[in-house]
Amino acid sequence: MAAVADSYDETALYAGPAAPGAPPSRGIPGEAEEPDGPLGWLGYDASRARARARTGEDESVITALASIGGTEVVLIAFEFGYLGGSLGERTGDRLEAAYAQARARGLPVVSLIATGGSRMQEGMRALSQLQRVAGQSALNRAAGLPQIAVVRDPTTGGGWATLGAGADVILGLPGAQIGFAGSRVRPGDADPYAYSAEGQFAAGQLDAVVPPDRLRATLRRWLRLLAGPREPAAVPEAAPPPYALGVRDLPESGWDAVVRARAADRPRAEAYLRAYFDDREEISGDRCGGVDTGMRCGFGRRDGRTIAFAAQCGTATRPAGFRTAARLVRLADRLGIPVLTLVDTPGAANDAAAERAGAGAAIADTFAALASARVPVTSLLIGEGGSGGALALAAPGRLWATPDSYFSVIAPELAAAILKRDPRQIRQTAGQLRIRPQDLLELGVIRGIVPPARPTPSRP
């Protein structure tokens with residue numbers, strides 16, 4: 001715990017007020033239980049006694065009320081030296097008490113996980129603890145309390161499938177073995193990379209791989225973003241749209257708007273995010289096996305408050321990108337954090353791989369996430385607005401545009417092809433589609449065209 005916490009108190013969670021309806025914890029040292037556990041597993045008591053002598057701990061999980069970077073949290077730490085960090089019934093008692101106290105105190109949960117899974121010496125009584133943990137985690141999500149997991153080596157079985165993979169933000173240590181299947185039960189020819197922190201990150205299951213010497217600072221930033229001071233209002237103030245970073249004048253024709261938006265030197269998402277936020281952290285992956293590097297999602301600080309963002313980077317958005325954006329919007333909505341989306345894509349990816357990955361369902365899910373969000377979502381069109389792939393990230397009724405952008409039901413080239421027009425009519429078609437920012441404003445598609453930032457007056 002000392003590796004990440006500025007201070008901690010292992011007794012505070014048991015001494016504090018109980019959450020309404022929470023059962024008393026049976027995970028306090030010294031309580032009586034059946035000899036050799038619920039199954040009467042011969043030698044189980046002796047194994048636990050050796051584990052206590054070796055580690056100085058009474059169970060595989062230690063819980064504490066802690067401070068990380070000035071943010072108070074409920075901290076859960078696994079002791080792998082105690083029976084491989086396995087989850088038993090008393091482990092479940094401690095975890096349930098920790099989650100209940102987090103709700104009672106309105107605190108985030110930070111889990112430092114290292115476990116081999118459920119404790120075989122307790123059989124199904126041990127396995128059923130996963131349901132308890134999942135239920136407690138769901139209650140904390142419903143209460144709008146963030147959960148951050150640090151996945152250490154190894155993290156397998158139910159510990160990964162509950163506290164690890166079920167967290168809002170998942171950070172892995174380099175080289176850590178991570179996966180539902182432990183090393184002794186997975187297929188003999190399995191690729192070990194798939195069970196590593198790096199492999200899980202590449203597959204969209206982790207948000208970042210963080211070296212140990214950067215872990216404390218990373219946790220401090222995430223806690224500041226997700227658990228910092230909140231606005232007292234039930235609905236937070238909407239994020240202001242960013243200023244335009246590109247050209248100032250409006251395009252003369254529809255085709256001019258297309259050329260501007262497609263220009264290689266036009267400011268992209270990274271430039272807007274850098275100018276808008278004081279600092280930020282990003283999530284990664286759709287938790288379904290995919291990552292789209294053309295979609296940037298995360299949380300940033302601006303003028304002392306947290307704003308979530310989902311930003312297209314000018315490429316065709318893949319299903320994993322839409323799912324990651326939907327995940328971001330739902331997390332922000334649950335935590336009461338306003339959202340900013342930056343729209344910039346020629347359209348949704350339409351290759352065979354995208355269709356097999358569920359492009360339509362991913363787009364539909366993103367539409368649903370924005371439509372159902374209770375927090376305000378602000379959208380800015382910063383480049384290409386290609387059909388439904390762009391519209392999925394555009395907040396209904398809260399969309400602005402920059403002077404070097406366009407929004408179209410379909411690309412002018414494709415419209416001309418569908419209408420069986422001569423290729424020389426593409427420019428004319430672009431004009432007929434009325435895709436310029438000023439056209440979009442007149443049609444009521446956008447709320448306004450954002451100006452460039454005023455230059456800061458120089459001091460004498």
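Residues are numbered from 1 along each chain as its sequence is written. Because the model is predicted, local features need pLDDT of at least 70 and side-chain atom pairs count only at pLDDT 80 or more, while totals for chains, interfaces and linings use all residues, and side-chain values use heavy atoms, with hydrogens and water left out.

Start with charge pairs. The structure holds 32 salt bridges, each a side-chain nitrogen of Lys or Arg within 4 Å of a carboxyl oxygen of Asp or Glu. One of them joins arginine 216 to aspartate 6, with the closest N and O atoms 3.2 Å apart. This pair spans distant parts of the chain: arginine 216 sits in helix α8 (residues 212–227), aspartate 6 in the segment before β1 (7–9), and 210 residues separate them. Helices here are DSSP runs of H or I with at least four residues, strands are runs of E with at least two, and both are numbered from the N terminus. Arginine 216 is partly exposed, at 27% relative accessible area. Aspartate 6 is partly exposed too, at 37%. Buried means under 20% relative accessible area, exposed over 50%, and partly exposed in between (1.4 Å probe, protein chains only).

Next comes arginine 125 with glutamate 89, where the closest N and O atoms are 3.0 Å apart. This bridge links helix α4 (residues 123–127) to helix α3 (residues 89–105), across 36 residues. Arginine 125 is partly exposed at 36%, whereas glutamate 89 counts as buried at 18%.

Aspartate 344 and arginine 266 form another bridge, at 3.1 Å between the closest N and O atoms. Aspartate 344 lies in strand β12 (residues 339–345) and arginine 266 in the loop between α9 (254–262) and α10 (269–276), so the bridge ties together parts 78 residues apart in sequence. Both residues of this pair are buried. Elsewhere, bridges with shared partners join Glu270, Arg274, Arg280, Glu282 and Arg296 into one network.

Now the helices. Helix α11 (residues 319–335) packs on helix α13 (residues 359–372) at about 20 degrees, with the axes 8 Å apart. That makes α11 roughly parallel to α13, a label for angles under 35 degrees.

Last, the surface. Leu39, Trp41 and Met120 form a nonpolar patch with about 360 Å² of accessible area together. Nonpolar patches join side chains (Val, Leu, Ile, Met, Phe, Trp, Tyr) within 5 Å, from residues with over 30% relative accessible area and no salt bridge. Tryptophan 41 lies in the loop between α1 (12–15) and α2 (44–55). At 42% relative accessibility, tryptophan 41 counts as partly exposed.

Notes: Patch = residues over 30% accessible without salt bridge, like charges linked within 9 Å, V, L, I, M, F, W, Y side chains within 5 Å. Areas by Shrake-Rupley, 256 points an atom, 1.4 Å probe, with all protein chains shown as cover. Axes fitted to C-alpha atoms, helices over the stretch in contact; angles between N-to-C directions. Parallel < 35°, antiparallel > 145°, perpendicular 65-115°, else oblique.
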